[in-house]
Amino acid sequence: MTPGAPGAAGGTAKGVRRRAELARAAADLVREDGPAALSHRAVAARAGLSLSATTYYYAGLDDLAAAAGAALVDAWVAHADGVLAQVRARAGGVAVEDPAAVVVDAVLPPGDDAAVRAHYEQLLAAGRVPALAAALGAGRARLDVVLAALLAELRLPVPAAVALGVVDGAVVAATSEGRPVRDAARDLLLAVLGAREPLR
């Protein structure tokens, strides 16, 4: 029986917990050191578990890469969802002063410009690992859903995919030119919004 399948040790409460711990450790490695750092031994060390535990729950590196991608998406979506919750919780329906900056904050990871650059470097590197890229691609639809809800809440007339593309492009350009990434993303998003009709 395959580890993690119903009835196998991986399907028990402990097994589910162990798989999640290993997935988070794998995601941390990818986020900090890139996909090339991913190995059973490195993940085991990061999670504080034995190598045999890692190879039991994730037989191959592709399985581990897919789990890392899913965990990265989970964190990404949770961050965006937190921004959405803050917007919805504002008192008395008070308008957000800088909605473009809020969208940028939802799309980008927390942290300074160095953290954002590292995030994008690892995203680009993920494209060279098919299992990781597939997991990120599949999960990005979940980010689209949260971002679409945020854009509707802010009454910004742009589809989620366009907002993501604008922020992604601005960050790559700003990074390559040594400019502040959040300001560049906000300014470009404002330029796109200024060229569109407001929501009815």
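Of the contacts in the chain (heavy atoms within 4.5 Å) between residues at least 6 apart in sequence, 65% join residues at least 24 apart. The structure is a predicted model, in which local features need pLDDT of at least 70 and side-chain atom pairs count only at pLDDT 80 or more, while totals for chains, interfaces and linings use all residues. Residues are numbered from 1 along each chain as its sequence is written, and side-chain values use heavy atoms, with hydrogens and water left out.

The chain has 9 helices and 0 strands, helices being DSSP runs of H or I with at least four residues and strands runs of E with at least two, numbered from the N terminus. Of its 200 residues, 38% are buried (under 20% relative accessible area, 1.4 Å probe, protein chains only).

The average pLDDT, the predictor's confidence in each residue from 0 to 100, is 88 for the chain, and 90% of the residues score at least 70. Residues 1–9 have a pLDDT below 50, and this stretch has 15 contacts beyond near neighbours in sequence. Where pLDDT is low, the predicted coordinates should not be read in detail.

The axes of helix α1 (residues 13–33) and helix α2 (residues 40–47) come within 8 Å and cross at roughly 110°. Axes are lines fitted to C-alpha atoms over the stretch in contact, with angles from 0 to 180 degrees between N-to-C directions. The two helices, α1 and α2, are therefore roughly perpendicular (65 to 115 degrees). Residues making the contact include L22 and L29 of α1 and V43 of α2.

R155, in the loop between α7 (130–154) and α8 (160–177), has a positive phi of about 55° although it is not a glycine.

Definitions and conventions:
Angles under 35 degrees count as roughly parallel, over 145 as roughly antiparallel, 65 to 115 as roughly perpendicular and the rest as oblique. Buried means under 20% relative accessible area, exposed over 50%, partly exposed in between (1.4 Å probe, protein chains only).
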